Amino acid sequence: MNGMEINISNLSEGTHNYTLSEKAEKLGLSEIFFGDVKAEVSLESKRRQILLHIVAEGKANFQCDRCLKNITKNIAATFYSVYEWEGERVNSEESNDNFYLLPLGTNIINISSDVNEYLALAVPYKILCKEECAGLCPQCGKDLNVEQCTCEKEIDFRWNKLREIVSNQ
């Protein structure tokens, strides 16, 4: 059994909590993720189905989009999955990415691919070392979070007419 599998044989009805862990590489996460990925799972077992509420978390290395500083961030994803026994399906027209049919006699639920997918989708589009990151000077490349540069700011000539209007008022 790998670190993201839940044994459901002889599972009584009710709520069961699990803490699962697996190496990021074994889950097939991209190279930015490292170390252990943890998943807190709340499993609710009912007669016809199993409901999972999963909170997955892992660490990843990034580069700030403004200042290019290397940073490590925690990436977290919360999602639900529903498992139903084959032949017990209540609504056969329902289609959902988080809905799975379990063959009768299944003893293990493996959430590895879901954890991989949701953590990959949780990576932010814009990565910043801090919200107020000043970035790099476009002329000299100095980190404006550390020191101010002495470069003269380029003025876009397309705004000259507007500057003239404002300064004449």
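Is Phe 79 buried or exposed? In this predicted model, Phe 79 is buried, as its relative accessible area is 2%, a value that falls under the 20% cut-off for burial.

In one of them, Phe 79 and Tyr 118 are stacked, with 4.2 Å from centre to centre and 5° between the planes. Because Phe 79 belongs to strand E5 (residues 70-85) and Tyr 118 to helix H2 (residues 112-121), this pair ties together parts that lie 39 residues apart in sequence.

Tyr 83 and Tyr 100 also form a pair, and since their ring centres are 4.9 Å apart and their planes meet at 20°, this pair is stacked. It links distant parts of the chain, with Tyr 83 in strand E5 and Tyr 100 in strand E6 (residues 99-102), 17 residues apart. Tyr 83 is buried at a relative accessible area of 5%, whereas Tyr 100, at 25%, is partly exposed.

Five strands form an open sheet in the order E2-E3-E4-E5-E6, with mixed pairing; strand E2 (14-23) and E6 are the edge strands, each pairing on one side only, and the twist from one strand to the next averages 25°. Within this sheet, strand E3 (residues 33-45) and strand E4 (residues 49-63) run antiparallel and are joined by 10 bridges, and Ser 42 stands opposite His 53 in E4.

Helix H2, which carries Tyr 118, lies across E3, E4, E5 and E6 and runs at about 135° to E5.

Notes:
Residues numbered from 1 in each chain as written. Predicted model: local features only at pLDDT ≥ 70, side-chain atom pairs only at ≥ 80, totals over all residues. Heavy atoms only, no water. Phe/Tyr/Trp six-rings, centres within 6.5 Å; stacked < 30°, edge-to-face > 60°. Helix = DSSP H or I, 4+ residues; strand = E, 2+ residues; numbered from the N terminus. Buried < 20%, exposed > 50% of the residue type's maximum accessible area, 1.4 Å probe, protein only. Pairing = 2+ DSSP bridges. Axes fitted to C-alpha atoms, helices over the stretch in contact; angles between N-to-C directions. Contact = heavy atoms within 4.5 Å.
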